[in-house]
Structures are given as C-alpha cells and as structure tokens.
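Hi,

Here is the structure I promised to pass on. Have a look at it first, and then read my notes below.

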Amino acid sequence: MQAFRITGGKPLHGKIRISGTKNLISKLMVASTLSESESVFTNAPFRLGETEITTDIIQSLGTIVRESEDGTMLVHTPEFATSQVPERFALMNRIPILLIGPLLHRTGKADVPIPGGDKIGARPVNFHINALKKMGAQIEHEGHYYHCNSDGLKGAKIDLPFPSVGATENIIISATLAHGTTIIDNAAVEPEITELVKYLQKMGAIISIETNRRIVIEGVDSLHGAEHHIMPDRIEAASFACAAVASKGDVYIEDAEQSAMLTFLNNLRRAGGDFDVLDGGIRFYYKGKLKATAIETDVHPGFMTDWQQPWVLMMTQAEGLSVVHETVYENRFGYVSELRKMGAHIELYNSCLGGAECRFTTLANPHSAVIFGPSKLKGANINIPDLRAGFVYLIAAALAEGESTITGIHHVERGYEHIEKKLRDLGVMIERIEA
C-alpha cells in the first residue's frame, strides 16, 4: 500500500490545469452504450481512478475503450457480450445501476450488483429502482444483485422526492429509447446534467430542460455515436482555490470556468479571498484577513456539497466563528476528526445551524459544523476515508507545520487526476512512499 509524505508550512504558488469532470465522464461512457456506433470524448481524464473503474465495468460487458494518439477517448459498444455486471464491481462506485437502462434496451435484461460508494450518508437507489419500475422494468432484489427484465421501457411521469443527480441521470439515459414521453419533476439541474443532455441530443435524443426542475424526454427509436468535450471539473477547481487562499498563496487554475462556479465565487469573495477571471482560467489568491462565514450546502445552483470539505478547511484559517450546514448528505463530516487531530477547532451538531430546517432535522446525525479560527495546524499521520476528505487531508498537510503521512491515497486518486504532480507544481513538498 502506498502513501504520501508531505512537509507543509508554505503557501501554494504556481499554475495547474484542471482535468475533465469526474462526475461527467463516467456517465457519458455509460450513455454511449445506448448506441452500436462509436463515440469520441475529448478532454477525458484517463488517469482518474473513477474513469479506470468505469472502463473496466463496461469492458466486462463487451464495450471497446481506446485512447487515440491525440489523447481523446473512443468508446464503442457494437453489442453487449453479457447482460450481467460482475459482482466485483459492486463496492467500487455507483456506475453499475446506471447500466440498467442500456442493458434493458439492447438485451431485454440486466443483472447489476447493488452499488456502493463513499460512506458519506444515505444515497438511496430506491429513487432509481422506483423510476425504472414506473417505466415498465420488472426488478427483483436477490442477494447482492438486482435482476431486471423488460419487453420495452415506456415513458412515465416521475416525481423525485429529492433532486438526486444520479437518479436524474439514470432516468434520462433510460428514457431516451423508451416508448413515449417521460417527465421528471423535481429533477437535478447541475451543469453535469446539462452536459449529459447535450451529449444525448447530439446522439439523436429529444430532451428539454424546462422551468421548475422539470426535464422532458421524448423517446426515439435509435441513437448514434457522437463527439463531446468533457467540461473542466468545477469541484477540483474550487478545491484548489480553497487551498490557494487558505495557504495565503496565489494559484492560476487553467480551464476553471466562471459559469459553473458562480455560487462558490460569490462566497469566496465574501470570505475575503479573491480571484481574477482570465481568458483561459481563473487566478485565486489570498487578499488579506479571511472572514468567518455561514454557508449551507444545497443542490444546484446552491453551494455544492463537494465544495464543503475544502471550504471547512479554509475556514479553519479565518478569523472568528464559521458555520456550515450540510443538507445533501447527512454523514459528510466524517473527515473532521482527523482535522481536529491536526489542531483544527471544529464542533459538530445534530441540529440545523445557519439556515432553515432540512430533511435531516429529526435524525441523530451531525450535519452542522461550527469552525473556530484561525487554527494553527500541525503534521499528523492520517488515513483517508473517502474521496473528498482525501483532498482536504492533503491540503491540511500542506498547510500544517511539520511532516504528515497520509494513507488510503487510492480514494483521492479516484477523483483527482495527477494529484501528486499538481501539488508538486504548486510548491508542495510531497513524495510517494510505501506505507
């Protein structure tokens, strides 16, 4: 098992280029299997753990995935060799459940393992399963598998209890080749959803994103391959932005897009950080004293739950008392204990602080954090429990005085491409060691 050793205490300075979006590439790879012809993806993050896992999953079904000489990804599924996703992929990510629609459309059946993922709170697949059942799929749960059959999915009206990104993506993918029209109310409308819709439209789908979180999909008879550019990762951009400001540094993030980060940028400026939007990206820098803030995570266009962890770390360096209310996942503060070990002063509460009551108000889960700053961080031995916590620990180690050893680095490498090189390019003293 490998680990990172980081010697911290210096501001981050320099330039990096962020990768294509982790939360988009795998969904487009799945959507491409709806067609027998080849699709091409530019700016694809090949060296990302999530991309590699998704590649393994769809290749196990018969998909051909290649990298061209210019670095683009070619994905081609002339036919499915099997309708069963191997059980070994169950706990790696949540991609298998998104393959139910393509497998049903092209083979009439689908056997997919019950998905896993980071332990950050409930991510109920019942939204997915209930929607597919409304569209005519026969689904039975047996052991570690969902066994699905269909003689043709049909359009349906689906009201999501919560605007789940994964469920919205699953319904959209499944509805493109369904007979009739599918209406999703209370749909997620994240930029990654829009990009998925744009790609499917290029393939021949008819999809409208309407007002009040409604998405309408008119089923078509067939789809063809298409080319699509993977948008830059707005989570990675915000993560490095927080790292730059928290370390009192100055970092230019090439390809960072203002339009996908409006809510983050507004809050960053309120907190005393600053940025310059340039032609090819955004420069983030420490302007002076950081100010305590109160934020609440939410679905788009709110403050992303995946921006929360680096934001909390940044607030450990702000003057005063900051509040973060997490409303998307009820267990997303699991990383706080290790930050406390490094010297951060953070308290967790079960109540809804800093905003209106959320759907977790009656649960005994700490989903609000109060951060007392500024805190002087010190090096420590840390194990990474999940993807987003992983990046926070790396940056915390870069901020801290002394040396830190960080294990479980496979979690962070699943979502941040070339993370070691990017940190080194910004002046972080980091080396890979055997744990």
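Predicted model: local features only at pLDDT ≥ 70, side-chain atom pairs only at ≥ 80, totals over all residues.

Start with Thr297, which sits in the loop between strand E17 (294–296) and helix H10 (308–315). Thr297 has a relative accessible area of 0%, so it counts as buried. What does Thr297 touch, not counting residues up to four places away in sequence? The list is Phe303, Met304, Thr305, Gln308, His325, Glu326, Thr327 and Val328.

That loop between E17 and H10 also holds Pro301. The peptide bond joining His300 and Pro301 is cis, with omega at about 10°. There is another cis bond, running from Gly373 to Pro374, with omega near 0°. Pro374 belongs to the loop between strand E20 (368–373) and strand E21 (381–383). For background, most peptide bonds are trans, and most residues other than glycine have a negative phi.

On the phi side, I have a few cases for you. Asn43 is not a glycine, but its phi is positive, near 60°. You'll find Asn43 in the loop between strand E3 (39–42) and H2. Is Asn43 buried or exposed? Its relative accessible area is 14%, and buried means under 20%, so Asn43 is buried. His418 also isn't a glycine and has a positive phi, of about 55°. It is placed in the loop between H13 and helix H14 (419–425). With 43% relative accessibility, His418 counts as partly exposed.

Helix H8 (residues 234–246) has 13 residues, which at 1.5 Å a residue should span 18 Å; the C-alpha atoms at its ends are 18 Å apart, so the two agree. How many residues of H8 are buried? The count is 13 of 13, so the helix is mostly covered. At its N-terminal end, H8 is capped by Asp233, with a side-chain oxygen 2.9 Å from the backbone nitrogen of Ile235.

Next comes H2 (residues 49–59), which packs with helix H1 (residues 22–32): their axes come within 9 Å and cross at roughly 10°. That angle makes H1 roughly parallel to H2, since angles under 35 degrees count that way. From H1, the contact uses Lys22, Ile25, Ser26 and Met29, and from H2 it uses Glu50, Thr51, Thr54, Thr55 and Ile58. Sorted by type, the residues in this contact are three nonpolar, four polar and two charged.

H2 is also largely enclosed by the rest of the structure, because eight of its eleven residues are buried. Those buried residues are Gly49, Glu50, Thr51, Ile53, Thr54, Thr55, Ile57 and Ile58. What covers them? The cover includes H1, strand E4 (64–67), strand E5 (73–76), helix H3 (95–98) and helix H13 (409–413).

Another helix pair to look at is H6 (residues 165–175) with H7 (residues 191–203). Their axes are 11 Å apart, at an angle of about 10°. H6 and H7 are therefore roughly parallel to each other. In this contact, seven residues are nonpolar, one is polar and one is charged. On the H6 side you'll see Val165, Thr168, Glu169, Ile172 and Ile173, which meet Ile193, Leu196, Val197 and Leu200 in H7. If you trace the side chains along a helix, keep in mind that an α-helix has 3.6 residues a turn, so residues three or four places apart point the same way.

Last stop: Ile282, in strand E16 (residues 281–286). With a relative accessible area of 0%, Ile282 is buried. How far apart are Ile282 and Ile253, in sequence and in space? They are 29 residues apart along the chain, while their C-alpha atoms are 5.4 Å apart. Leaving aside neighbours within four places in sequence, the contacts of Ile282 are Val251, Tyr252, Ile253, Ala256, Glu257, Gln258, Leu265, Phe275, Asp276 and Val277.

Cheers

Key:
Residues numbered from 1 in each chain as written. Heavy atoms only, no water. Axes fitted to C-alpha atoms, helices over the stretch in contact; angles between N-to-C directions. Helix = DSSP H or I, 4+ residues; strand = E, 2+ residues; numbered from the N terminus. Parallel < 35°, antiparallel > 145°, perpendicular 65-115°, else oblique. Contact = heavy atoms within 4.5 Å. Nonpolar A, V, L, I, M, F, W, Y, C, P; charged D, E, K, R; others polar. Buried < 20%, exposed > 50% of the residue type's maximum accessible area, 1.4 Å probe, protein only. Expected span 1.5 Å × (residues − 1). Polar contact = N/O pair within 3.5 Å; in protein donor to acceptor, adjacent residues only side chain to side chain.
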